[in-house]
Amino acid sequence: QVQLAESGGGVVQAGGSLRLSCAASRSIYRPNTMGWYRRAPGKERELVATITSGGNTNYADSVKGRFTISRDNAENTVYLQMNSLKPEDTAVYYCYLVAIREYWGQGTPVTVSS
């Protein structure tokens, strides 16, 4: 069993930045994909960004050019650098891992004030 622990959420003004981190509790089977999803109030969960253990990335159109996903395979950690934040980025952000099966973090809230 793998637990995912997220950190880095908070409240920021529009135009600001936040960096989310997600650490897995133990070494992860490879190949694997880690990433971030989010759920805004009253909306469905949506993909934000993913990154494979080989370094291939995928982004939602709404965050391209503003968010950057990266990972440290040695530390079993994935990061999401969020710049130029907008109020519509307000959501609970969930860390995601797929390695044979899916794992989810508990979520970390991000609030962007206008």
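Student: Asp89 and Arg66: buried or exposed?

Tutor: Both Asp89 and Arg66 are buried (buried means under 20% relative accessible area, exposed over 50%, partly exposed in between, with a 1.4 Å probe and protein chains only). Keep in mind that this is a predicted model, where local features need pLDDT of at least 70 and side-chain atom pairs pLDDT 80 or more, while totals for chains, interfaces and linings use all residues. Residues are numbered from 1 along each chain as its sequence is written, and side-chain values use heavy atoms, leaving out hydrogens and water.

Student: How many salt bridges does a search of the whole structure find?

Tutor: A salt bridge is a side-chain nitrogen of Lys or Arg within 4 Å of a carboxyl oxygen of Asp or Glu. Here the search finds 4. One of them joins Asp89 and Arg66, at 2.7 Å from N to O. Asp89 sits in the loop between β8 and β9 and Arg66 in the loop between β6 (57-59) and β7 (67-72), so this pair ties together parts 23 residues apart in sequence (strands are DSSP runs of E, at least two residues, numbered from the N terminus).

Student: Which residue forms a salt bridge with Asp89, the closest N and O atoms being 3.0 Å apart?

Tutor: That is Arg38. Arg38 lies in strand β4 (residues 33-39) and Asp89 in the loop between β8 (77-82) and β9 (91-99), so the pair ties together parts that are 51 residues apart in sequence.

Student: And what is the relative accessibility of Glu46?

Tutor: Glu46 is at 35%, which counts as partly exposed, whereas Arg38 is buried at 5%. Glu46 and Arg38 form a salt bridge, with their closest N and O atoms 2.6 Å apart.

Conventions: Helices (H or I, at least four residues) and strands (E, at least two) are DSSP runs, numbered from the N terminus.
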